[in-house]
Amino acid sequence: MSPLLAAQGLGLRFGTVIALDDVAVEIWPGEVVAIVGESGSGKTTLLRVLSGMMPPQAGRVLYRDPEGGQHSLFDMPEIALRRLHRSDWGFVYQNPRDGLRLGISAGGNIGERLMAAGHRNYGHIRAIAAEWLARVEIDPGRIDTLPRNFSGGMQQRLQIARTLVTSPRLVFMDEPTGGLDVSVQARLLDMIRGLVAELDLAVLLVTHDISAARLLAHRIVVMQQGRVVEAGLTDRVLDDPQHPYTQLLTTSVLSA
Amino acid sequence: MTTAAGYNFGYLDENSKRMIRRALLKAVAVPGYQVPFGSREMPLPYGWGTGGIQVTASIIGPDDVLKVIDQGADDTTNAVSIRRFFAKVAGVATTERTAEASIIQTRHRVPEAPLREGQILVYQVPMPEPMFRLEPRLAETRKLHALADYSIMHIKFYEDIARTGHIATSYNYPVMVDDRYLMSPSPIPSFDNPKLHRMPALQLFGAGREKRIYAVPPYTKVRSLDFEDHPFQPIRADGTCALCGSRESYLDEIVTDDRGGRMFICSDTDYCGTRAAGQEAAE
């Protein structure tokens, strides 16, 4: 077995600001990896580089396709990368408005990836959309409702349904619980955890919420100023932090 | 053959015509692909057929016979003025008979009579990009064409069916050309879409304001987009032409009074007139 995605020696600067400094990450099939760190530590930049949206100045990212072939992400033609984003990969944005088409009904949003994958049977697409709405705990009776009439939590769940409908193997999530209130966050995390286990997804999760990382992630990567300062199993990193910054991070969490 | 003094043959100068012909050659070579061209100022406003008139001006020769239709009719303002324009600046013969024309410039219709090899159909196109209502960034739509990624068009149809139970696009119905490029057939009724498929005549499309030319060469496959379980269905008013009795042609509905009176007549005046004359002769 080999990793789905492996990055080595990633480097990226914005002017004098170092966004990524010699970063290496691996994601294996079926595992959830959380990237934690404070604002400006390079988490989101790392996610954008790993998902092929932004090329790094140094290092490389290797992707393994379902047939086992290795591809260097930034040497792939744009058409292949785009296809990858619509089939084997998914991206869940922090703000559901970035990942959804707000003027298109919930069913159409879920159907888009299916139609991009070549589905041309309306009844079939609609049945799959209704099934996925039920899976993310949205009443399938609202299949024709526009997402702009959904609550924030529902929009986020719809975005997840839309991403997972083509059964990707690897999903990137950028602060999926950001901007939601605590009880909605808890339900969403619970749902993501269920889906990840059920579908055997690999997830790369960016978050500043340590408790979300503890709940979902198998492994944690801690970033500070563009560097990976600590990485390891979630329990190990959070219960026995070695690096001073990780220690600060874990002790900063308020317990209610 | 006389042309108006002070004008080059066909109004446009020779260099502009060459530029447009180069774009036309490229458009024919890549069926359905929108080729940018340097659209010129024409002596009529955008939206009145500046694209079509430039295409016609660059392909027309002294021996051509021109027919111009607007919504199928030869006697509407747009058709009359464009026909008169070319009679003046190119001195060519004009006709209202589909079979006699070598070039037919059209707005919003394809003639009912089947076209033959050697004829050229020139469409006036207001908006060449079929996806512009769905994706406002033209740079992005160009990318979607390059990647042949037309799923957003299907989303639009999905939404139509979800709301109304059928694909609610009755004109400007998008087509796939040669299984590669998604193309706007210009605002012709979807009734006319099947005529584009493997048509023996050359079809040229000119969009003056948007500065794009595209083409469908003779006998090219043109398929209207649809779903497997909601196949493409051309829309025709359920009626009979009051003048010639046609049950096959595309009909215009005309309100005759303010008490709900109405009648249907053929939108293609040449087709209707020819049929009516034939019936009179038979009597």
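**View 1. The contact between chain A and chain B.** In this predicted model, 16 residues of chain A are in contact with 13 residues of chain B. Contact means that the C-beta atoms of two residues, placed from the backbone, lie within 7 Å. Helix H2 (78–86), helix H4 (106–116) and helix H5 (122–135) of chain A each supply at least two residues of the side that touches chain B. H4(A) gives the largest share of that side, six residues. Helices (H or I, at least four residues) and strands (E, at least two) are DSSP runs, numbered from the N terminus. By class, the side of chain A that touches chain B divides into six nonpolar, six polar and four charged residues. Here Ala, Val, Leu, Ile, Met, Phe, Trp, Tyr, Cys and Pro count as nonpolar, Asp, Glu, Lys and Arg as charged, and the others, Gly among them, as polar.

Residues are numbered from 1 along each chain as its sequence is written, while chains are lettered from A and ligands numbered from 1 in the order in which they are written. As the model is predicted, local features need pLDDT of at least 70 and side-chain atom pairs count only at pLDDT 80 or more, but totals for chains, interfaces and linings use all residues.

**View 2. Chain A as a whole.** Chain A has ten helices and ten strands. Its radius of gyration is 18 Å, close to the 18 Å that the globule rule gives for 256 residues, so chain A is as compact as a globular protein of that length. The radius is taken over C-alpha atoms, and the rule is 2.2 Å times the number of residues to the power 0.38. Along the principal axes, the C-alpha atoms of chain A fill a box of roughly 55 × 50 × 35 Å. Among contacts in chain A between residues at least 6 apart in sequence, 64% join residues at least 24 apart.

**View 3. Two domains of chain A.** Chain A is divided into domain 1 (1–88 + 168–256) and domain 2 (96–166). The bounds come from an automatic or database domain assignment. The C-alpha centres of these two domains lie 25 Å apart. Their contact takes 13 residues from domain 1 and 13 residues from domain 2 of chain A. On the domain 1 side, helix H7 (residues 182–199) of chain A gives the largest share, six residues. That side has ten nonpolar, two polar and one charged residues.

**View 4. Helix H1 of chain A.** Helix H1 (residues 43–50) of chain A is mostly covered, with six of its eight residues buried. They are A:Lys43, A:Thr45, A:Leu46, A:Leu47, A:Val49 and A:Leu50. A residue is buried if 20 or more other C-beta atoms, placed from the backbone, lie within 10 Å of its own; 12 or fewer make it exposed, and in between it is partly exposed. Just after H1(A), A:Gly52 takes a positive phi of about 80°.

**View 5. B:His108 and its surroundings.** B:His108 sits in the loop between strand S4 (103–107) and strand S5 (120–124) of chain B. B:His108 counts as buried because it has 21 C-beta neighbours inside 10 Å. Leaving aside neighbours within four places in sequence, B:His108 is in contact with B:Gln71, B:Pro187 and B:Ile188. The C-alpha atoms of B:His108 and B:Ile69 are separated by 8.5 Å.
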